[in-house]
Amino acid sequence: MKTNTIAAIATAMSNSGIGIIRMSGEESFEIIDKIYRGKKGEKKLSEVPSHTIHYGYICDGEKVIDEVMVLVLKSPNTYTREDTVEIDCHGGVLVMKRILETVIKYGARPAEPGEFTKRAFLNGRIDLSQAESVIDVINAKNDFSLESSLHQLQGNLKNKIKEVRRKIIHEIAFIESALDDPEHISMEGYSEKLKEIISELSLELKDLLLSSENGELLKEGINTVIIGKPNAGKSSFMNVLSGKERAIVTNIAGTTRDILEEQVNLDGITLNVMDTAGIHDTWDTVEKIGVDKAKESLSRADLVIYMVDASTVLDENDEEILGLLSDKKTIVLLNKSDLEKSTTENMVFSHLEERGMNHPVLSVSMKEEIGVKEIKNKIKEMFFAGEISFNDEILITNVRQKSFLQSALDSLNMVRQSIEDEMPEDFYSIDLVSASEELGNITGECASEDLVNEIFSKFCMGK
Ligand SMILES: Nc1nc2c(ncn2[C@@H]2O[C@H](COP(=O)(O)OP(=O)(O)OP(=O)(O)O)[C@@H](O)[C@H]2O)c(=O)[nH]1
Ligand SMILES: [Mg+2]
């Protein structure tokens, strides 16, 4: 019979301080008893109290494999809710593999990726959104996304969505029972009431979706495109921001041809900074490709840094650039403020105003590194002031969750439409049921087995 006790190396497969081999399932204690020998020959680990740690050796018969600490965790207060054993050994890759081989030899089988967390889910300890946060915690690229994943792990998202879903189910139940028993339950005035409830719930879902947009930004880095005419100081800014000579800087207009990308960490926020070719009319084939690429990159930009050379006057190139910025979050940098000014802040303001824009403008000098702190603060402010608070907001950092949220919102809109079209009441419940199922997909209350398997396959081994 195939064993149902799983084992895996839980730490990274590289040489490090300690390594952990984790085992979960009914036979965990039976297996550890066969291979563990206490330092002072104490009793079997299957007989020790739960949540205790023991010092000894892992042996294969007479052969000692490593000196270890073994953590004994009895069901149900464990990560998987099953009997669990964790073996802390020396962190060499070879040792970890040898211990894993030994537990397998004595009855465990290798775990699939994410199988520990899958068991936690199947045994009802966590819901699907929490399981996904575990992936996010492992993969979190920066502090902010780590924080939001941790919040989600604590069940914020689950609670909010469960609450919305519970209200929807309540209405479905009401409609169904009213239709079943029209003599006792009146539907009079119900459509109006339902319409109100639907708008409230839609608002809540919209909020969650809004935070999801910011959530994605946080995870993958904010695409920050530096744009401007040649020689404005774009590459100089790239270098200042990244703290290294990333891009070539010369006084020759048209130095940068291709797009250069660099990840910059701004107090925990990841920026994907892109330096581009100076925008101007050119016959040079290579340069022209660069200019086109620069314009294209704007479509990917979450934030645009428009570099203006304050030592020159605003020209047709600046006009062209201004025309590309109307629907973009932009910070205008008036560079070369160390030189005599041909373009002032007020001139820039009036150009922006003419086009109905009110982007912030900062006077800076990349050469003297003046205003760098202000730029950084501005970027932080733009993304966090009022838009995201990490204390109590829920961030949907995951595309799957986002698409279910969107579908649920669409279903609620259909209900509203049916009410407005004065459709019969049983029409309402069809779309309400869809909405509740879509939300249930996020928490896992009605996720299909395929979906569950797909999610857990994304885990790394040992989690
Ligand atoms: N005085 C002064 N010179 C600057 C400043 N910033 C950049 N420069 C100079 O301006 C010239 C152009 O700088 P780059 O950073 O290469 O400009 P760019 O916008 O990347 O130019 P292209 O790649 O050609 O589009 C260089 O000689 C820089 O040293 C500044 O704040 N003050
Ligand atoms: Mg450049």
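Two strands count as paired if DSSP finds at least two bridges between them. The views below are close-ups of a predicted model.

**View 1. Strands S8 and S10 lie side by side in a sheet.**
Strand S8 (residues 222-228) and strand S10 (residues 269-275) run parallel and are joined by five bridges.

**View 2. Two residues coordinate the magnesium ion.**
Which atoms coordinate the magnesium ion (ligand 2)? They are OG of Ser235 and OG1 of Thr256, at 2.0 Å. The two residues come from distant parts of the chain, 21 residues apart. Serine 235 belongs to helix H8 (residues 234-242), while threonine 256 sits in the loop between H8 and strand S9 (260-266). Both serine 235 and threonine 256 are buried.

**View 3. The largest pocket is lined by 25 residues.**
The volume of this pocket is about 330 Å³. Nearest its centre lie Asn231, Gly233, Ser236, Val249 and Thr250. H8 supplies the largest share of the lining, three residues. By type, the lining has 13 polar, eight nonpolar and four charged residues.

**View 4. Asparagine 231 has a positive phi.**
This residue is found in the loop between S8 and H8. Its phi is about 70 degrees, although asparagine 231 is not a glycine.

**View 5. Strand S1 is covered on both faces.**
In a regular strand, side chains alternate between the two faces of the sheet. In strand S1 (residues 6-9), Ile6 and Ala8 are on one side and Ala7 and Ile9 on the other, and all are buried. S1 pairs with strand S2 (residues 18-24) in the antiparallel sense over four bridges. Isoleucine 9 stands opposite isoleucine 21 in S2. S1 also pairs with strand S7 (residues 109-110), in the parallel sense and over two bridges. Here the bridge partner of isoleucine 6 is arginine 109.

**View 6. The loop between S5 and S6 contains proline 76 and threonine 80.**
The loop runs between strand S5 (63-73) and strand S6 (84-90). Serine 75 and proline 76 are joined by a cis peptide bond, with omega about 5 degrees. Why does threonine 80 count as buried? Its relative accessibility is 2%, and buried means under 20%. Threonine 80 and lysine 118 are 38 residues apart in sequence, but their C-alpha atoms are 8.0 Å apart in space.

**View 7. Glutamate 422 lies in a loop between two helices.**
The helices on either side are H13 (399-420) and H14 (425-443). Phi of glutamate 422 is near 55 degrees, a positive value in a residue other than glycine. Glutamate 422 has a relative accessible area of 69%. This value is over 50%, so glutamate 422 is exposed.

Notes. Residues are numbered from 1 along each chain as its sequence is written. Chains are lettered from A and ligands numbered from 1 in the order in which they are written. This is a predicted model: local features need pLDDT of at least 70, side-chain atom pairs count only at pLDDT 80 or more; totals for chains, interfaces and linings use all residues. Side-chain values use heavy atoms; hydrogens and water are left out. Donors are N, O and S atoms within 2.8 Å of the metal (3.2 Å for Na, K and Ca); water is not among the atoms, so sites may look incomplete. Buried means under 20% relative accessible area, exposed over 50%, partly exposed in between (1.4 Å probe, protein chains only). On a 1 Å grid over the protein atoms alone, a cavity is a set of points where a 1.4 Å probe fits but cannot get out, and a pocket is an open set with protein on both sides within 12 Å along at least five of seven lines; lining residues have an atom within 4 Å of a point. Grid points are joined across faces, edges and corners, and a volume is the space filled by probe spheres set on the points. Ala, Val, Leu, Ile, Met, Phe, Trp, Tyr, Cys and Pro count as nonpolar, Asp, Glu, Lys and Arg as charged, and the others, Gly among them, as polar.
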